[in-house]
Each structure stands twice: as C-alpha cells, then as structure tokens.
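Hi,

Here is the structure I promised to pass on. My notes on the charged side chains follow below it.

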Amino acid sequence: MQATKLPNDAKAGPTKPEVRAVLARKLALGPDDHFVEVGSCTGAVTIEAARHAGRVTALERKAERLEATRANLAANEYDADVQLVNAEAPERLPEDGDVVFLGGSRNYERVLDDAVAAGYDRIVMNVSRLEVAGEAARAFRDRDLLDEVLCLQMATGYDLAGATSFDADNPVYMLVGEPSSNNDPGGTA
C-alpha cells in the first residue's frame, strides 16, 4: 500500500489513515468508476480514490481547501483523471458519477437526493458528531439507502513511563448505502 503524502494543511481533517482504509473497502472503487467526493478538504480521500478509480471529481466549497487538495495531489502518484471543482454541493455534482463520498454534513440531504436521482451506485458518508450521525442515518433510511452504519474509533499507542498507553481519537460514524440494492426487493438488480 502506497503511503499518502499530505504536506499541505487545510485547517480541518484529514480523514485518518485507518478510517481511509475502511472507507476504501466500502467504496470498492474500480478502474471504470467515476468517484465523486463532496468536501475534499486536504485531499486525503481524493488521493486514495485516484489510485483506484478511473475518474475522480472532488468538490470543495472553500478555495483554500481546494488549493490544499491540489497541492497534496501534486505530492502523490495516481493514475486517475482528477477534476477539482470549487463549488458547494449539490451544485456541480456530476450526473455521471458512480460512487459518491460525503466527507461532511453540509447540504447532505440535497446531495443524497441528487445522487439517487442521478443513479449513483454507492453512497458513503462520514460524520464526526453523534447528533448529525443520527439525523444522517434517518435521512439514509427515509430514502431507502441505508445498508450499513459503522462506528470507527481508533486509539494510538504511546510510551508512558515505560509502558504502553493509548491516545483515543474521536469516533467517526460511516454510513454506507447502495440505492440499487435497496430498490430491488427480489435482489435481481
């Protein structure tokens, strides 16, 4: 596995490496996929996706974060065709995307609606606040999208007086949905 270099800070994020590893499994990107990220921030997820998907579109509403994404992409190797878009989703959400990742909660209900209408195959959302996670789970359920909810909490070991102690990160809630699997009760899609 190739390490992701993030020399440029966006004053938020990045998604922790351990969370990105689980996210990669849930996104299940292949070379024919068009991956869309809503809220690229540092570009950590953008970079990982660009190593697996054929096309990547990263939307970010804050210009300085988009520049951090651009700079961090330049510091890494990847094969995908990557487009960076300075927009607030769901504005400019591509109609031809296959997989969408929501790295934040701004406008998420509108993004879910647009992604479902456009026929996206997989939708994954990370949330760091418990109350928002509950609201997002309800929004996924209301749209018959919710396949899975994960609560990821990492703790990193460090030396404390010659023994190992752990420094815990805040949990991340990951919501995973595949619209087509939930809209075909016979499972023949």
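A salt bridge here means a side-chain nitrogen of Lys or Arg within 4 Å of a carboxyl oxygen of Asp or Glu. Before the details: this is a predicted model, where local features need pLDDT of at least 70 and side-chain atom pairs count only at pLDDT 80 or more, while totals for chains, interfaces and linings use all residues. Residues are numbered from 1 along each chain as its sequence is written, and side-chain values use heavy atoms, with hydrogens and water left out.

The structure has 8 salt bridges. One of them joins Glu109 and Arg143, at 3.3 Å from N to O. That pair links distant parts of the chain: Glu109 sits in helix α4 (residues 108-118) and Arg143 in the loop between α5 and β6, 34 residues apart. (Helices are DSSP runs of H or I with at least four residues, strands are E runs of at least two, numbered from the N terminus.) Glu109 and Arg143 also belong to a salt-bridge network with Asp113.

Glu148 and Lys26 form another bridge, 3.0 Å from N to O. Glu148 is in strand β6 and Lys26 in helix α1 (residues 17-27), so the pair ties together parts 122 residues apart in sequence.

Then there is Arg55 with Asp96, whose closest N and O atoms are 2.9 Å apart. Arg55 belongs to strand β2 (residues 55-60), and Asp96 to the loop between β3 (81-86) and β4 (99-102), 41 residues apart.

Have a look and tell me what you think.

Cheers
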